[in-house]
Amino acid sequence: MSIIVNALTYTHPDRELLFDGLTVVVNAGDKAALVGNNGVGKSTLLKLIAGTLPPTAGTISLTGPYWYIPQHTGQFDGLTVAGLLGVEPALQALQAILGGDAAEYHFATLNDDWDIEERIDAALAYWHLQHLTLDQPVSTLSGGEKTKLLLAGVFIHTPSILLMDEPSNHLDAGSRQLLYTMIQQFKGTVLVVSHDRVLLNQLNQILELSPSGIEVFGGNYAFYREQKEAKLNALHNQLDEQEKQLRHAKQKAQDLAEQRQRQEIRGKAQGQTQGLPRIVAGHLKRHAEQSTARLKEVHGDKLQDLADSRRQLKAQIQASQVLKTGFGPSELHRGKLLIDAQAVQFRFGQRELWPEPLTFQVRSGDRIRIEGNNGSGKTTLLKLVTGQLTPVSGQLTLSPVSYAYLDQEYSLIQNGLTVIEQVQQFNTRLLPEHDLKMLLHYHQFTRDEWDRPCADLSGGEKMKLALCCLIIDRHTPGLLILDEPTNNLDRQSQDVLIHAVKGFTGTLLVISHDQHFIEEIAVRVSFYLTSEPDN
């Protein structure tokens, strides 16, 4: 039931080297999380372990049957529910046998799995998916339903190793609790890529992936953060000590240089008064100059070593620090009525979305969380209040207010533009290009990245670029709308977003199943939507 990765090397099809000699072991029964910054290769490593990608070199060994849940599920849209669950052959064999076909290959396919139907029913019931039929196309399901189906496969196939990539991304609050319970009760080995801090705290080992390899931390995520904080404090102490040594070395070099200069002046004066022969005086001068040069070289090397060490420490500290960015003050006075909904309803086909029409108000300065199960119409409601959709009944009054909409795809970023072109789209203050580049640099976009296509950015990079764009804009939005903004963000990028949103003084509407994020941004009011699942 262990996972053994030995001397793994992987090169992307574009010939970029991602892993070189990577080695890590997850022992039987351990529940480990694979964490690291966006773009470091967590999902790729999980695909390599799951066998969906071939390694360039090295070996991967899984000592037991495994079940893999990928982050993206679009590749399954051509399957039925039974096909996604991996039970189609067994069900067909069972039906053939029950129908009187005693062919040997049916029994071989079924492999004595006579209770397969009961396990399927129990698994679907656990994840509240009883409304699905086994012949239903996966393409008709929501992202949350697809994820829950894959999680249902754990109960059906009872693997000893569980590999999961961001399993909680599309799950509502109730389904997340079911996931946490499943992980706690699972008896085998778990390796999960996730940014869900509640999930990460269910685990007993953290594997931090970085360009230099994998570092193993015992304990859950909270303990890992304590260890990382202690390491950061140690780096700060080392930097302080290096700063002191550098100042001391510079002062010593200056003192020695001044001392040598005084000695040379005295030597020259003594040579003149004592009437030394020219050849002797010249020899003494050259010897003094050579000694001075050697002394300068020794101190120069020491200063260079100290300066290099100082730069490396600063780079490590900067990589661990959170970007501090935020919005300007909102121009709207608190309490102004922005949204007034009276008996609002929306319809998909012939089906009304909500059992009861919605009546609510949103005023300037409110911070509201919109909750509800998968398919309850949360995103639809946001599109109604921004005027992108029109209700089929009821009265919806929207006051003129500027808004910024940050969804989990950060769709305000135009993939066809470069990074510098993207910020220029929001330059309503007509800032000179030098200032734009300074702001990009502050938001952790280096000179080499200014001409990079936005399509190539990770989720965390798109988020930071989106915040940079909104800060460059002349007007701070009066209404900030967040739709699952922390999905796919690494821990550091989540902290950047949290810092920005905490300081926002306007009105906030947020959809998020990330309880840590909700608590950190101080949302106190929740608006819960209910809806019947599609049949």
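Helices here are DSSP runs of H or I of at least four residues, strands are runs of E of at least two, and both are numbered from the N terminus. This is a predicted model, in which local features need pLDDT of at least 70, side-chain atom pairs count only at pLDDT 80 or more, and totals for chains, interfaces and linings use all residues. Residues are numbered from 1 along each chain as its sequence is written, and side-chain values use heavy atoms, with hydrogens and water left out.

**View 1. Gly-375 sits in the loop between β14 (367–372) and α11 (378–385).** With a relative accessible area of 54%, Gly-375 is exposed (buried means under 20%, exposed over 50%, partly exposed in between, using a 1.4 Å probe and protein chains only). Look for Leu-141 too: Gly-375 and Leu-141 are 234 residues apart along the chain, yet their C-alpha atoms are separated by 10.0 Å.

**View 2. The largest nonpolar core has 49 residues.** A nonpolar core is a set of buried Ala, Val, Leu, Ile, Met, Phe, Trp, Tyr and Cys residues joined through side-chain atoms within 4.5 Å. Helix α6 (residues 143–157) gives the most to this core, namely 6 residues. Leu-149, Met-164, Leu-179 and Met-182 have the most contacts inside the core. Leaving out residues up to four places away in sequence, Leu-149 touches Val-81, Leu-84, Leu-85, Leu-124, Leu-129, Leu-132 and Leu-141 (contact means heavy atoms within 4.5 Å). Another core, of 39 residues, lies apart from this one and includes Leu-412, Ala-500, Phe-504 and Phe-517.

**View 3. Helix α14 (residues 459–472) packs with helix α15 (residues 491–502).** Their axes are 9 Å apart, at an angle of about 25°, which makes α14 roughly parallel to α15. Axes are lines fitted to C-alpha atoms, for helices over the stretch in contact, and angles run from 0 to 180 degrees between N-to-C directions. Angles under 35 degrees count as roughly parallel, over 145 as roughly antiparallel, 65 to 115 as roughly perpendicular and the rest as oblique. From α14 come Gly-460, Met-463, Lys-464 and Leu-467, and they meet Ser-493, Val-496, Leu-497 and Ala-500 of α15. Sorted by type, the residues of this contact are 5 nonpolar, 2 polar and 1 charged (Ala, Val, Leu, Ile, Met, Phe, Trp, Tyr, Cys and Pro count as nonpolar, Asp, Glu, Lys and Arg as charged, and the others, Gly among them, as polar).

**View 4. Helix α13 (residues 433–442) crosses α14 at roughly 140°.** The two axes come within 10 Å, and the angle makes α13 oblique to α14. Here Leu-436, Leu-439 and Leu-440 of α13 touch Leu-465, Cys-468 and Ile-472 of α14. The residues of this contact divide into 6 nonpolar, no polar and no charged.

**View 5. Gln-492 has its place in helix α15.** At 10% relative accessibility, Gln-492 counts as buried. Asn-37 is 455 residues away from Gln-492 in sequence, but the two are 7.3 Å apart in space, C-alpha to C-alpha.

**View 6. Ala-343 and Glu-484 are worth a look for their phi angles.** Most residues other than glycine have a negative phi. Ala-343, in strand β10 (residues 337–345), has a positive phi of about 55°. At 37% relative accessibility, Ala-343 is partly exposed. Glu-484, in the loop between β17 (479–483) and α15, has a positive phi near 50°. Glu-484 counts as buried, at 6% relative accessibility.
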